[in-house]
Amino acid sequence: MSIGELLAATVPMVRTLNLEYLETTPERAVLSLPDQGEYRNHVGGPHAGAMFTLGESASGAIVLAAFGDQLSRAVPLPVNAEIAFKKIALGPVKATATLGRPAAEVVAELDEGRRPEFPVTVRIQREDGAVTSEMTVVWTLRPNS
């Protein structure tokens, strides 16, 4: 089962918004949010909450791809998130997430008994390539008790 299939099966919001997992690797995760009338805002584009969910879901996908082999000893959790809306989003949008620190560096901190934190940056774009939002989600790997 792919990471996208796993998250679609276990995270109800992924199914609710019909998010599509286009690419999920330890280097990059790309998800799309189709244009759906029931999730539009007052200007006809995707609602801010739907775009936030798209970006957070992309960040979670790359975290699982990069640190899935650590799940037996740590739980990945978001610590905080920030989103900046740059341009009006209309139609389908795509989120691309990348790790802000090398995965090996994060795992080394975990090996030292620390609780590492690391940023994931996300760019949300319209079909014409314009960046509509930029997001940063800070994640941690909380060691299991």
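**Close-up views of the predicted model**

**View 1. The largest cavity is lined by L33, P34, D35, Q36, Y39, R40 and P46.** The model shown here and in the other views is predicted, so that local features require pLDDT of at least 70 and side-chain atom pairs count only at pLDDT 80 or more, whereas totals for chains, interfaces and linings use all residues. Residue numbers start from 1 along each chain as its sequence is written, and side-chain values rest on heavy atoms, with hydrogens and water left out. A cavity is a set of points, on a 1 Å grid over the protein atoms alone, where a 1.4 Å probe fits but cannot get out, and lining residues have an atom within 4 Å of a point. The structure holds 1 cavity of 30 Å³ or more, and the space in the largest cavity comes to about 40 Å³, a volume being the space filled by probe spheres set on points that are joined across faces, edges and corners. Its lining divides into 4 nonpolar, 1 polar and 2 charged residues (nonpolar: Ala, Val, Leu, Ile, Met, Phe, Trp, Tyr, Cys and Pro; charged: Asp, Glu, Lys and Arg; polar: the others, Gly among them).

**View 2. The largest pocket, with a volume of about 190 Å³, takes the largest share of its lining from α3.** A pocket is an open set of grid points with protein on both sides within 12 Å along at least five of seven lines. Of the 13 residues that line the largest pocket, L7, V11, G60, L64 and W139 lie nearest its centre. Helix α3 supplies 6 residues of this lining, which as a whole is made up of 10 nonpolar, 2 polar and 1 charged. Helices (H or I, at least four residues) and strands (E, at least two) are DSSP runs numbered from the N terminus.

**View 3. The rings of F67 and F118 form a tilted pair.** This is the 1 aromatic pair that the structure holds. Because the ring centres lie 4.9 Å apart and the planes stand at 50 degrees, the pair counts as tilted (centres within 6.5 Å; planes under 30 degrees apart stacked, over 60 edge-to-face, the rest tilted). The pair links distant parts of the chain, with F67 in helix α3 and F118 in strand β5, 51 residues apart. F67 is buried at a relative accessible area of 1%, and F118 is likewise buried, at 1% (buried under 20%, exposed over 50%, partly exposed in between, with a 1.4 Å probe and protein chains only).

**View 4. Helix α4, residues 103-111, has V106, V107, E109 and L110 as buried residues.** These four lie on the same side of α4 because they cover an arc of only 155 degrees around the axis, taken from the directions from the helix axis to the C-beta atoms. On the other side of α4, A104 and D111 are exposed. The buried residues of α4 pack against α3 (48-67), β3 (74-85), β5 (117-126) and β6 (131-143), contact meaning heavy atoms within 4.5 Å. Just after α4, G113 adopts a positive phi of about 85 degrees.

**View 5. A29 and S32 both belong to strand β2.** A29 is buried, with a relative accessible area of 0%, and S32 is buried too, with 11%. Leaving aside residues up to four places away in sequence, A29 touches E23, T24, A58, A61, I62, A95, T96 and A97. With the same exclusion, S32 touches N18, L19, E20, L22, L54, V93 and K94. Between A29 and T132 there are 103 residues in sequence and 17 Å in space, C-alpha to C-alpha.

Key:
Rings of Phe, Tyr and Trp (its six-membered ring) pair if their centres lie within 6.5 Å; planes under 30 degrees apart count as stacked, over 60 as edge-to-face and the rest as tilted.
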